[in-house]
Amino acid sequence: MITPKSLRHFFCSLALESGYSIHEVANQAGHSNVQTTLIYANPTAQAMKDKANKL
């Protein structure tokens, strides 16, 4: 089931993966505090592996 919360998670995660800064995503999501945005931003395990491999 698609909920407003799941859409917010999807948007924040996808925007960060696409190169937006945390501050840009917070602004677009309407958050006054980036800590709130971090709650909704959940990188995938594959994305984290890919970044670790780039090190």
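**Figure 1. T37 in helix α3.** T37 is found in helix α3, which spans residues 34–40; helices here (H or I, at least four residues) are DSSP runs, numbered from the N terminus. The view comes from a predicted model, in which local features need pLDDT of at least 70, side-chain atom pairs count only at pLDDT 80 or more, and totals for chains, interfaces and linings use all residues. Residues are numbered from 1 along each chain as its sequence is written, and side-chain values use heavy atoms, with hydrogens and water left out. T37 counts as buried because its relative accessibility is 0%, where buried means under 20% relative accessible area, exposed over 50% and partly exposed in between, with a 1.4 Å probe and protein chains only. Apart from its neighbours within four places in sequence, T37 is in contact with C12, I22, V25, A26 and H31, contact meaning heavy atoms within 4.5 Å.

**Figure 2. C12 and S13 in helix α1.** Helix α1 covers residues 4–17 and holds S13, and C12 lies in helix α1 as well. C12 is buried, with a relative accessible area of 0%, and S13 is buried with a relative accessible area of 13%. When neighbours within four places in sequence are left aside, C12 is in contact with V25, A29, T37, Y40 and A41.

**Figure 3. The packing of α1 against α2.** Two packed helices are described by the angle between their axes and the distance between the axes. For α1 and helix α2 (residues 22–29), the angle is about 150° and the axes are 9 Å apart; axes are lines fitted to C-alpha atoms, for helices over the stretch in contact, and angles run from 0 to 180 degrees between N-to-C directions. The two helices α1 and α2 are therefore roughly antiparallel to each other, a description used for angles over 145 degrees, with those under 35 counted as roughly parallel, 65 to 115 as roughly perpendicular and the rest as oblique. The contact is made by R8, F11, C12, A15 and L16 of α1, together with I22, V25, Q28 and A29 of α2. Divided by residue type, the contact of α1 with α2 has seven nonpolar residues, one polar and one charged, where Ala, Val, Leu, Ile, Met, Phe, Trp, Tyr, Cys and Pro count as nonpolar, Asp, Glu, Lys and Arg as charged, and the others, Gly among them, as polar.

**Figure 4. The two sides of α2.** The buried residues of α2 are V25, A26 and A29. These residues lie on the same side of α2 because they cover an arc of only 100° around the axis, the arc being that of the directions from the helix axis to the C-beta atoms. What covers the buried residues of α2 includes α1 and α3. On the other side of α2, H23, N27 and Q28 are exposed. Just after α2, G30 takes a positive phi of about 80°.

**Figure 5. T3 and the protein as a whole.** T3 is found in the segment before α1, and at 27% relative accessibility it counts as partly exposed. The secondary structure of the protein comes to four helices and zero strands, following the pattern α-α-α-α along the sequence. Taken along the principal axes, the C-alpha atoms of the protein fill a box of roughly 35 × 30 × 15 Å. Of the 55 residues in the protein, 20% are buried.
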